[in-house]
Amino acid sequence: MTIIVPVYNVARYLPRLLSSLSRQTVDIASVQVVFVDDGSTDDSLAIVTRWAERPGGSRIVVEQENAWVSAARNAGLAVATGRWVTFVDADDELGDSYLAEIAKMLAAHDDGDLALVIAHQLRMDDSGRLTDSHSLRLKFSRGSRVVDIRREPLVQMSVNSAFFLRHVLDENGIAFDLRIKPVFEDAHFVARYLLASTSPKVGLAASAKYHYRTRNDGTSLMQTHFDKPEKYTSVLRHGHLELLTEAAEQGPIPRWLENMVLYDLFWYLRNEQDTASRSAAAPPEVFDEFHGLMREIVQRLSAESIASFAVMGVDDLYRRALLAGYTDWLEHPHHVVFGPVDETKQLICLSYWFVGELPHERISADGAEIVAEHETVQDFTFYGRVLLRKRVLWVARGGGLRLAVAGRFLDFQADDDLAPESVLTEARLRPAILRQRPVGVEPFVDLETTISRHLSSTVRGVARSVRQTLSRASIQDRRLALEARSSKRRALYDHAWVFMDRDTDAGDNAEHLYRYVRQEHPEINAWFVLRRDSRDWSRLAAEGFRLVEYQSDDWRILLLRADHLASSHIDSYVVDPLDERRYGRPHYRFTFLQHGVINYDMSRWLNTKKPDLFVVTTPAEHAAIAGHGPYRFSSREVRLTGLPRHDTLLAKRSAVPPNDRRLFLVAPTWRKDLLGEQRAGSNERSRLEDFSSSSYATHYAELLGDPRLKSELRSRGLELAFMPHPNIRPYLESFGLGPDVTVLDYATSDIQDVLARTAVFVTDYSSLAFDAALLSIPMIYFHFDADAFFDGSHARRGYFSYLDDGFGPVATTVDQVVDAATSVDSGSGDPSPLYETRMTTQLVFRDGNNAGRVVDRMLELDQRDPR
């Protein structure tokens, strides 16, 4: 057996890999290990050389100039001597019995009937924590076994956990194709190998654990390849398309190859719809070529393979996108779906899928033509092109409801099943293909599987513990249900309006709206939710807020009896705090008050939410979210009211004389990749250790320490203040601030009081820019990392252009920020005419009645339609 390890600048990881090789329970001296150093500039070569020089075994170190991982693997193949060859990435590790389990499977099938052996890949973070979370893990769910890929067309995309017969590679001239990068070169190698193999049998070694590293700093190739043009051109042309062409020359394209290609294509589409994916960094100049190649590839695949793909979970959206975007499958809408019913307003939701321009519609009910009361079109855009569109109509309920689209009446159905009869079978083609056992092939059973069958006593013990836990929960639930129905609780909480910002903090739109409701609508049974250990608890209690502790029994009973829940946040711990399996579906209506003005594309996240009322602030924001585009919402949910906290902000600004507005405020937002993991059920996060070396920390440290800026501010009598986002506050020491920088804390300084005293505002992408614009504060945007910020991992660009719509100049360097600061006329307190016009055009509500408008819209939710 030969192990080939390509090496490039991985000195920090190599010791752990080499240690895992040394710990193998088989004699590592019996295995040929080939290291190929691909022009490393760190200590990688020296580390592997020292290990290879240890006595015993066949260890080779090959040196070459940097030529990329495929060339390094090919160089290793050129000197490989083992019957079986595998590849190991230099930043990964092997389970201690990895090679022993592989050897056991090979020994059990020494008649040469195996074409390929695949090990079980586990994900490993930099702390060494292992998780069985790979999307292709299900093929190992039945333990170690042998499958016939003609009958069970499984998918293997990587070579680093697979073992290949060297003679098949040599006889068929199979090597890594240097044209295919930055990804898919592994899958291409595996597919060509399987096409050349005479045996269709693949061994699944479930007990051989390969530890695949996912780097916490996001620097691995698989985490940083989204901006490479070749991913959207060469990979599709020389990878997918050439594989399908080669297979078609041999006969019908095998299903396992269709599955392999589809697996990769579905990830292209999923990445574009994920809430945090760097596919937004894809270069637009290659989009036309990408879509042309996609059409060629998809038209070589059967519609059945697309519809029945079951290798991993795939939303029907992506199946539709492939069929509608690259075939003539959706020349006209297939059917219309009955959606949810709004009983209060007596409206029913109708929806259908289409492509291209919105077709002509005609709606009738009770024999008369009607019009939709609310409508929208949701566009599903993939790499700059709308592949699929969803039409949503809210119409009045009535008898004989009919919808004609492009002159054809559509059939109604209750669910949104993908399959039109013209393409798929009546069975809807959802076979559990991975669970089928190949006829005549017995599974290979390893010791791990055998032992697991004898753990019945342990399983019974666990089941007993679970039953006891559920029993205790059931007792608690019954007690709460009785309390919720008691006259005392009903008197307290019936028809309650519940307000909440975060569980840990108040101070946002919910606090301001609660205060307004208590003052102007005493008839409303209003309550405010917060953790008792929050720094805001005592402040609100002293003011007379009716507080309920988050996650207390009172909080649960309050939500069970509430009519409304309103929050500035829409995270699941706010929106769906109670387990529906225990408490049933909530009866309250949810109002999303927002934290600020949405100025970039948040559709991928927000489309998963279901607010009854969605508050927005500017006409452009309303048009972007409720109009035709990436959001699924319509004017039914989205209402233009302004933010409740803006009422107070305007009042506070007017109370500060112009001469007292002396702050030069630097207040940037946060970055998702600079935060630790969010703790379940809370807004709290773990700490990130390498924050100080980030571009974010170094740029703001440079700005806040710039001598020219400080001199300019001293000459104007302005005070330099830094107010880091609460998520960034734990890293304050990383900025190296001097005593001449005033540090403000959201926990102790009300941001509204701070803005009221601000003369010039510097921010990056924060929605606080809209607050400053409401107050006509001159501002500067600091965009040193715009491409990274909008690469999809944190945010995507939306309707708002900082250059064309922004409220101040956009700087990309510290010097540009300082230059802009010297040109701002902080003495007048007014921005330039250009930016002043933008501010007044976009921030239209300056009457101090935003909270009143929101309450009016919430009350409308309860008003029944007389129909």
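Me: In which loop is the place of P182?

Reply: The model examined here is a predicted one. In it, the peptide bond from K181 to P182 is cis, with omega near 15°. As for its place, P182 belongs to the loop between α5 (166–171) and α6 (185–196).

Me: Is N9 buried, partly exposed or exposed?

Reply: N9 is located in the loop between β1 (2–7) and α1 (14–22). Its phi is positive, about 50°, although N9 is not a glycine. Buried residues have a relative accessible area under 20% and exposed residues one over 50%. Because the relative accessibility of N9 is 26%, the residue counts as partly exposed.

Me: Which residue in the turn of the hairpin formed by β11 and β12 has a positive phi?

Reply: Strand β11 and strand β12 (residues 347–354) pair in the antiparallel sense over four bridges. In this pairing, the bridge partner of D342 in β12 is L347. Four residues lie between the two strands of the hairpin. The residue with a positive phi, near 55° and not a glycine, lies in the loop between β11 and β12 and is Q346.

Me: Which residue in β19 is the bridge partner of V336?

Reply: Strand β11 (residues 335–342) is also joined to strand β19 (residues 411–413). These two strands run parallel, with three bridges between them. In β19, V336 has as its bridge partner F412.

Me: Which residues touch the most other members of the largest nonpolar core?

Reply: In soluble globular proteins, nonpolar side chains tend to be buried together. The largest nonpolar core of this model has 123 residues, and the two that touch the most other members are F164 and L257. The largest share of this core, ten residues, is supplied by helix α9 (residues 255–273). Beyond residues up to four places away in sequence, L257 touches A191, L195, L243, L244 and A247.

Me: Are α25 and α29 roughly parallel or roughly antiparallel?

Reply: Two packed helices are described by the angle between their axes and the distance between the axes. The axes of helix α25 (residues 707–716) and helix α29 (residues 814–823) come within 10 Å and cross at roughly 15°. Angles under 35 degrees count as roughly parallel, so α25 and α29 are roughly parallel.

Me: Is the crossing of α25 and α29 left-handed or right-handed?

Reply: On the α25 side, the contact is made by R708, L709, E712 and R716. On the α29 side, D815, V818, D819, A821, T822 and S823 take part. The crossing of the two helices α25 and α29 is left-handed.

Me: Is I524 buried or exposed?

Reply: I524 is found in the loop between α16 (509–520) and β21 (525–530). Leaving aside neighbours within four places in sequence, I524 is in contact with W497 and V517. Because its relative accessible area is 8% and the cut-off is under 20%, I524 is buried.

Me: What is the relative accessible area of S749?

Reply: S749 is found in the loop between β29 (742–743) and α26 (751–756). Not counting residues up to four places away in sequence, S749 touches M723, L744 and V754. S749 is buried, so its value is under 20%. The relative accessible area of S749 is 18%.

How values were computed: Residues are numbered from 1 along each chain as its sequence is written. This is a predicted model: local features need pLDDT of at least 70, side-chain atom pairs count only at pLDDT 80 or more; totals for chains, interfaces and linings use all residues. Side-chain values use heavy atoms; hydrogens and water are left out. Buried means under 20% relative accessible area, exposed over 50%, partly exposed in between (1.4 Å probe, protein chains only). Contact means heavy atoms within 4.5 Å. Two strands pair if DSSP finds at least two bridges between them. A nonpolar core is a set of buried Ala, Val, Leu, Ile, Met, Phe, Trp, Tyr and Cys residues joined through side-chain atoms within 4.5 Å. Axes are lines fitted to C-alpha atoms, for helices over the stretch in contact, and angles run from 0 to 180 degrees between N-to-C directions. Angles under 35 degrees count as roughly parallel, over 145 as roughly antiparallel, 65 to 115 as roughly perpendicular and the rest as oblique. A crossing is left-handed if the near helix is turned anticlockwise from the far one by less than a right angle, and right-handed if clockwise.
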